[in-house]
Amino acid sequence: MEALDIAANVLSSTIRLSVPLLLACLAGLYSERSGVFDIGLEGKMLAGAFAGAAAAAVTGSAWLGLSAAILVAVALALVHGFASITHRGNQIVSGVAINFVAAGATIILGQAWFHQGGRTPSLPGTARFGAITLPGAEAVRDVPVLGPIYSGILSGHSLLAYLAFLAVPFTWWVLYRTRFGLRLRAVGENPAAVDTAGISVTFLRYRAVVCTGILTGMAGCYMALSQNAGFVKDMTAGRGYIALAALIFAKWKPVPAMFACLLFGFLDALSIRLQGTPLPLVGRVPVQFMQALPYVLTVILLAGFIGKAIPPRAGGVPYVKER
Amino acid sequence: MSTPYARLPAWADYGLIPLINLAVAFAVAGLVVLLVGENPFRAAIILVKGAFGSGQGIAYTLYYATNFIFTGLAVAVAFHCGLFNIGGEGQAYIAGLGIALVCLAFDQVLPWWLTFPLAILGASAAGALWALIPAWLQAKRGSHIVITTIMFNFIAASAMVYLLVDVLKPLGSQAPETRVFLEGAQLPKLGWILAEFGLRVRPSAPLNVSFLLALVMAFLVWALIWRTKLGYEIRTYGFSPKAARYAGISESRIIMVTMLISGALAGMMALNPIMGDQHKVSLDFVAGAGFVGIAVALMGRSHPAGIVPAAILFGMLYQGGAELAFEMPAISRDMIVIIQGLVILFAGALEHLFRHPVQTLFATVAPKSVGLAAGQERA
């Protein structure tokens, strides 16, 4: 029975830990599918987390926090768009720049505004997105098998977590069942063809980049307003890059993206759980090994040893209209 | 509407436009200073004074600049080949392992001038090895070097934490760092040179011999890129991989050789803090220098003659920024991270933002300077 409890515990924190990855991963999916590489996911998440926590701390409203997070992340996404779509700058350089600006600005502004060493004030429950108990979760708690799964693992997450998982079918629908999605995929593969059809490549890519901003803002907001009660400096701690790794792992597809994020979330949950406990057969696994595992897996995947990840063909290439 | 395809005179291309980009980056940084309620001009004065106002300040500025010359050169060499090496941070971190092995083995038996060359070898070998794997994956398996080098930064960080906590830490010690190296692995300081000029430098100032090594490397990189066959091949591949292929240049060889050089340069950065200042390998000794290298390389237009002043500028920001944090507590050292980001944004991603207006200006005011006959600019 105890083993079951532990398993439920690990799986529940797997979901919790994979939410920011999933939101950021889907964010990257929109941008990269349209042909704009974005390694600035990390920076946008961080800026979103800070803006969300700051706004929630000042106004006391979680919803205003979420709006601020989305607004700031979209603004940064537009800077990335301005540099890489309008001015045809190097997309990777632009993403790196945004990561640095966000990393520095969140600390400087946080210190200047709240005087708590780069933190924002601890948020009360009303200014956060708290846990939601799914309907009937209490009733089935004692039912064997179903009880632990439904009320132990699936229930009790924040609204943003459920939104993140709903965003997966939604993204699938947008990408594969709408006109916008068709064009988005096309512009990432062959922008010239889209242009020939009389559709603006620039506008399409800007819209994709705005989607990225919205989702990264939500990812940051989740970290600051649900997972934690406020902003701590450098709180994203490389999750934007893990999301990027998950995106590659998932070959730029929404449903595999969810499984990739759950896998990386599981590794994270497991490494927290296993800290210092010896495993049968292998003995004590260093925490650092578990922490490095997502990156190692991504490298192996990228090398083509587990299937082949082929990025959108026009990714990273600014579009120059023929004259 | 379209401006004639005009080539700017070299001084405008290599001097004016980078300066405008830099000025805009600093102007935006000034806005951030305003936003936290301080006077940007006063901040700038404190910063410059902190960096160059005293012998001690200059010694620190050049000490930081040493780090950035190495990492800037590393990024620049890869840039010439059309590769973006974001992995300087990880390569330098792993190089700490190479240095630790050399120093821990020889610091009791050899004098510093014998340990130093060995440590250079150790550092560059470890850094190059850490760059070799992403390079090999790019060359042979087609995986994108940007992503793999980012991943290798994280793997390097995990590996070094593990090694420092579980392997290299001396018995009975709590701090995750190696033992302090003996004299045989401590580099001589260079503060006395500044003292010759009548400046006051305390013996603790960390400027050391690796600064000279950095300058030598800057010269060697210039010679390599512009004066050797290999450098020509690197530039050819960076300019047009297709042309390079037609010219019979082996694609995988050039990628791997370039990344080995880049990784080795990034690795040498570790010599400066480890052997020159701290005399031990501790957690996170790279402290972002690998990333500063990106800004430095972009600002210096990937040319050693630009990289050295750009590195000194960032050294100034680091040292002056530390002073600034004393005077204006609202502006901590993280301000530099913002400036670094803005420099990367304006000198890198938005480098063409002002090219167009400047071209138009030149074409209108002095058509001859951009190779147009007078009156042709309306064409």
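A crossing of two helices is called left-handed if the near helix is turned anticlockwise from the far one by less than a right angle, and right-handed if clockwise. In this sense α1(A) passes α11(A) in a right-handed crossing, helices being DSSP runs of H or I of at least four residues and strands DSSP runs of E of at least two, numbered from the N terminus. The structure is a predicted model, in which local features need pLDDT of at least 70 and side-chain atom pairs count only at pLDDT 80 or more, while totals for chains, interfaces and linings use all residues. Residues are numbered from 1 along each chain as its sequence is written, and chains are lettered from A and ligands numbered from 1 in the order in which they are written.

Chain A has 12 helices and two strands, arranged along the sequence in the pattern α-α-α-α-β-α-β-α-α-α-α-α-α-α. Its C-alpha trace spans about 70 × 50 × 40 Å along the principal axes. The radius of gyration of chain A is 20 Å, which agrees with the value near 20 Å for a compact globule of 323 residues; the radius is taken over C-alpha atoms, and the globule rule is 2.2 Å times the number of residues to the power 0.38.

Within chain A, helix α1 (residues 2-33) and helix α11 (residues 254-273) pack at an angle of about 140°, with their axes 7 Å apart. Axes are lines fitted to C-alpha atoms, for helices over the stretch in contact, and angles run from 0 to 180 degrees between N-to-C directions. The pair α1(A) and α11(A) is therefore oblique, given that angles under 35 degrees count as roughly parallel, over 145 as roughly antiparallel, 65 to 115 as roughly perpendicular and the rest as oblique. Among the residues that make the contact are A:Val10, A:Leu17, A:Leu21 and A:Cys25 of α1(A), together with A:Met258, A:Phe264, A:Asp268 and A:Arg273 of α11(A), two residues being in contact if their C-beta atoms, placed from the backbone, lie within 7 Å. By class, the residues of this contact comprise 16 nonpolar, four polar and two charged, where Ala, Val, Leu, Ile, Met, Phe, Trp, Tyr, Cys and Pro count as nonpolar, Asp, Glu, Lys and Arg as charged, and the others, Gly among them, as polar.

Chain B contains 16 helices and zero strands. With a radius of gyration of 22 Å, close to the 21 Å that the globule rule gives for 379 residues, chain B is as compact as a globular protein of that length. The C-alpha trace of chain B spans about 80 × 55 × 40 Å along its principal axes.

Chain B is assigned a domain 1 (1-38 + 330-379) and a domain 2 (64-318), the bounds coming from an automatic or database domain assignment. The centres of the two domains of chain B, taken over C-alpha atoms, are separated by 30 Å, and 10 residues of domain 1 are in contact with eight residues of domain 2. On the side of domain 1 that touches domain 2, α1 (10-35) and α15 (334-349) of chain B are the elements that give two or more residues, and α15(B) gives the most, with seven residues. This side of domain 1 divides into eight nonpolar, two polar and no charged residues.

Also in chain B, helix α8 (residues 210-227) and helix α9 (residues 229-239) pack at an angle of about 70°, with their axes 5 Å apart, and are therefore roughly perpendicular to each other.

The contact between the chains takes 42 residues from chain B and 37 residues from chain A. On the side of chain B that touches chain A, the largest share, 12 residues, comes from α6(B).
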